[in-house]
Each structure stands twice: as C-alpha cells, then as structure tokens.
Amino acid sequence: ILAVVVAIVNAAGVTDALVTVVLAMAFVTVMVAVVRPLAARVLAVHERRDRLGPAVMSALIVGLFLWL
C-alpha cells in the first residue's frame, strides 16, 4: 500500500505511477510464489535437525540482503 501512495505522490505522470505499482505487484508475486515455498522447504528440511546450521543461516541472510 505504501508503494502505491509513494508512486502516486512522486509520479511525474500516470505512466510512472503505473510502472511503480506494476513492479511492486511483481515483487509481491515473486515473494509469494517463489521465496515463500523455498523458505518453507528449507525450514522443513532443517526442522528435523532441531536447529539451523551456520551455512544455512548465512545463506538466508545473504538472500535477504540480495532482495534489498
């Protein structure tokens, strides 16, 4: 919702606002369709071990920084 408000306020025209809104929706779609199932799979695999190892934790942190 914040992306929509910022897009409308800062847009130089309707096209700029629409591009920002479409890109925000694409980001949310990728996060829900790709990242969420991947994170669930990692959690399911490592849940049996009762903790996440340092390599997995490092990969998760690097993955978070890459998305930012």
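Leucine 23 sits in helix α2, where helices are DSSP runs of H or I with at least four residues, numbered from the N terminus. With a relative accessibility of 55%, leucine 23 counts as exposed; the labels here are buried for under 20% relative accessible area, exposed for over 50%, and partly exposed in between, using a 1.4 Å probe and protein chains only. From the C-alpha atom of leucine 23 to that of alanine 39, 16 residues apart along the chain, the separation is 22 Å.

This is a predicted model, so local features need pLDDT of at least 70 and side-chain atom pairs count only at pLDDT 80 or more, while totals for chains, interfaces and linings use all residues. Residues are numbered from 1 along each chain as its sequence is written, and side-chain values use heavy atoms, with hydrogens and water left out. The pLDDT is the predictor's confidence in each residue, from 0 to 100. The protein averages 82, and 99% of the residues score at least 70.

Five residues of the patch come from α2, which gives the most.

Then there is the largest pocket, with about 380 Å³ of space. Its lining has 14 residues, and Val35, Ala39, Ala59, Leu60 and Gly63 lie nearest its centre. Two or more lining residues come from each of α2 and α3, and α2 gives the most, with seven. A pocket, on a 1 Å grid over the protein atoms alone, is an open set of points where a 1.4 Å probe fits, with protein on both sides within 12 Å along at least five of seven lines; lining residues have an atom within 4 Å of a point.

Finally, arginine 48 is found in the loop between α2 and α3 (54–67). Arginine 48 counts as exposed, at 69% relative accessibility. Its C-alpha atom and that of isoleucine 1, 47 residues apart along the chain, are separated by 37 Å.

Technical notes: Grid points are joined across faces, edges and corners, and a volume is the space filled by probe spheres set on the points.
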